[in-house]
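Here are my notebook entries, written for anyone opening this structure for the first time. Keep the view beside you and look things up along with me.

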Amino acid sequence: MAADKVVETVVVGNYVEMETEGKPQNMKSKLSSFFWHGGSVYDAWFSCSSNQVAQVLLTLPYSFSQLGMLSGILFQLFYGLLGSWTAYLISILYVEYRTRKEREKVDFRNHVIQWFEVLDGLLGKHWRNVGLAFNCTFLLFGSVIQLIACASNIYYINDNLDKRTWTYIFGACCATTVFIPSFHNYRIWSFLGLLMTTYTAWYLTIASLLHGQVEGVKHAGPTKLVLYFTGATNILYTFGGHAVTVEIMHAMWKPQKFKAIYLLATLYVMTLTLPSAAAVYWAFGDMLLNHSNAFSLLPRSPFRDMAVILMLIHQFITFGFACTPLYFVWEKAIGMHECKSLCKRAAARLPVVIPIWFLAIVFPFFGPINSTVGSLLVSFTVYIIPALAHIFTFKSAAARENAVEQPPKFVGRWVGTYTINVFVVVWVLVVGFGFGGWASMTNFIHQIDTFGLFTKCYQCPPPQGVLPPPPHSFNTTVAPSPHHQPSFNHTHHNL
């Protein structure tokens with residue numbers, strides 16, 4: 001009898017999960033499921049790890065040059081824990097929302113739950129509107145950053161085309177993500193993406209150590225408050241990749257098991273970000289203030305070319321991660337979300353890519369744009385709003401008593417949770433949004449004043465006979481030619 005059931009309702013505590021069982025599979029469908037259709041705890045971990053660190057891996061050494069070595073390490077550890085905590089809060093709110101809806105017999109098999117719907121169901125339409133505005137804007141600019149990074153990276157392999165032209169090309173390539181239905185279908189891509197970032201991180205680490213310190217290297221950071229808080233907000237952005245947490249959870253067979261996944265993903269990511277950022281900063285020091293992309297300072301070699309190519313592929317994957325929730329929002333807005341035809345849904349999604357493409361051409365400031373997005377959008381989207389939402393959802397004694405998930409004992413139950421949430425809100429509001437917003441916007445405006453909007457090739461070497469702009473405390477100096485590395489007067493190994 002059980003073998004005849006297509007869908008079995010499994011009750012775990014007060015939470016209802018839907019699982020498919022008993023459906024016969026041939027070899028083709030088994031292979032398709034293995035590579036294409038994932039929903040396990042491991043799939044979620046790969047998705048979180050792969051999505052959390054992408055092009056930002058290349059800008060963290062730049063942040064270390066702004067912060068100094070000690071502050072760079074401490075901010076990574078601090079924001080890693082802070083990000084893991086708010087991802088935990090989002091997972092708790094998702095489970096609470098879904099449980100309440102399933103008690104009302106709502107079926108989510110053909111519907112992807114998103115963060116703004118969780119806020120709507122738990123706190124009302126005003127919370128939904130605020131959450132939707134911040135989340136969509138963040139994901140929009142997150143996708144923009146991936147396009148900018150693609151153009152910035154490929155330039156270090158092939159500088160026959162300027163970065164703006166490369167942005168046109170990669171915009172068209174990334175538009176193919178409209179054919180990926182949901183986060184279920186990122187199984188093989190998440191796995192490969194994490195391998196790619198792992199290779200790149202250890203390439204940066206080993207290549208920098210083998211290169212050794214450049215002659216007269218200086219590690220003066222931090223020197224200015226503007227630079228200090230700009231670097232800090234880039235790290236805030238690094239560990240704020242959980243804007244897609246709800247969609248990743250919804251793709252799991254058992255979303256309740258997500259609670260610790262983001263923390264475990266963060267711990268692994270730190271084994272990549274800390275050694276690579278520290279090693280590159282140790283080798284090149286304050287030179288990084290004028291080179292926001294770590295690839296620009298390492299000598300060209302087959303290993304570096306491989307790292308660039310792998311990062312390009314990974315940025316395509318991360319573009320899909322950031323854009324897929326936007327596709328869902330757009331589908332729901334035009335009534336196409338439950339359409340069975342993949343081709344119709346793909347065609348309906350294409351308008352989402354156009355503004356992303358356009359903004360990547362307008363603001364090609366690789367590095368500074370990360371900090372700006374971090375301070376103005378990430379601070380609210382994945383830190384302040386989840387903490388406040390948790391406080392207001394469980395503000396009554398009845399809500400706390402009937403909560404599907406009780407806070408763990410080691411954080412002090414409800415009192416400890418409330419205290420941590422208030423700390424997150426105050427810290428991120430003052431340091432992340434306040435000081436970080438001031439610093440990053442000051443830096444961002446300076447990029448516009450120096451290079452202009454729609455700049456053809458941001459931080460590219462000037463044509464022969466043209467003098468570069470005068471040095472400045474911000475990162476406005478042009479980068480060295482990818483084929484003609486600067487002479488560091490230092491004997492080194494080309495890795």
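**Entry 1: a buried arginine**

I started with Arg-345, which is buried at a relative accessible area of 13%; buried means under 20% relative accessible area, exposed over 50%, and partly exposed in between, with a 1.4 Å probe and protein chains only. I found Arg-345 in helix α13, residues 342-362. Helices (H or I, at least four residues) and strands (E, at least two) are DSSP runs, numbered from the N terminus. Leaving out residues up to four places away in sequence, I listed what Arg-345 touches: Pro-181, Phe-328, Glu-331, Met-336, His-337 and Cys-339. A contact here means heavy atoms within 4.5 Å.

**Entry 2: ground rules and overview**

I noted that this is a predicted model, in which local features need pLDDT of at least 70 and side-chain atom pairs count only at pLDDT 80 or more, while totals for chains, interfaces and linings use all residues. Residues are numbered from 1 along each chain as its sequence is written, and side-chain values use heavy atoms, with hydrogens and water left out.

I then looked at the whole protein chain, which has 16 helices and two strands. Of its 495 residues, 59% are buried. Among contacts between residues at least 6 apart in sequence, 84% join residues at least 24 apart.

**Entry 3: Ile-145**

Is Ile-145 buried or exposed? Ile-145 is buried, and its relative accessible area is 0%. I placed Ile-145 in helix α6, which covers residues 125-154. Not counting residues up to four places away in sequence, Ile-145 touches Gln-55, Tyr-237, Ile-369, Asn-370 and Val-373. I also checked Leu-359, which is 214 residues from Ile-145 along the chain; their C-alpha atoms are separated by 9.3 Å.

Two packed helices are described by the angle between their axes and the distance between the axes. The axes are lines fitted to C-alpha atoms, for helices over the stretch in contact, and the angles run from 0 to 180 degrees between N-to-C directions.

I took α3 (residues 56-67) and α4 (residues 69-103) to begin with: their axes come within 7 Å and cross at roughly 125°. These two helices are therefore oblique to each other; under 35 degrees counts as roughly parallel, over 145 as roughly antiparallel, 65 to 115 as roughly perpendicular, and the rest as oblique. The crossing of α3 and α4 is right-handed. A crossing is left-handed if the near helix is turned anticlockwise from the far one by less than a right angle, and right-handed if clockwise. From α3, Leu-60, Phe-64 and Leu-67 meet Met-69, Ser-71, Gly-72, Ile-73, Phe-75 and Gln-76 of α4. I sorted the residues of this contact into six nonpolar, three polar and no charged. For that sorting, Ala, Val, Leu, Ile, Met, Phe, Trp, Tyr, Cys and Pro count as nonpolar, Asp, Glu, Lys and Arg as charged, and the others, Gly among them, as polar.

Next I turned to α2 (residues 41-52) and α12 (residues 302-334), whose axes come within 9 Å and cross at roughly 110°. That makes α2 roughly perpendicular to α12. The crossing of α2 and α12 is left-handed. Here Ser-47, Ser-50 and Asn-51 in α2 meet His-314, Thr-318 and Phe-321 in α12. The tally for this contact came to one nonpolar, five polar and no charged.

**Entry 4: aromatic rings**

How many aromatic pairs does a search of the whole structure find? I noted 22 aromatic pairs. Rings of Phe, Tyr and Trp (its six-membered ring) pair if their centres lie within 6.5 Å; planes under 30 degrees apart count as stacked, over 60 as edge-to-face and the rest as tilted. I picked Phe-75 and Tyr-228, an edge-to-face pair at 6.0 Å centre to centre with 65° between the planes. Phe-75 lies in α4 and Tyr-228 in α9 (residues 225-238), so the pair ties together parts that are 153 residues apart in sequence. Both Phe-75 and Tyr-228 are buried.

**Entry 5: Pro-407 and Arg-413**

I found Pro-407 in the loop between α15 (397-401) and α16, buried at 3% relative accessibility. Apart from neighbours within four places in sequence, Pro-407 is in contact with Tyr-88, Arg-413, Trp-414 and Thr-417. Arg-413 is in helix α16, residues 413-451, and has a positive phi of about 55° although it is not a glycine. Arg-413 is partly exposed, with a relative accessible area of 42%.
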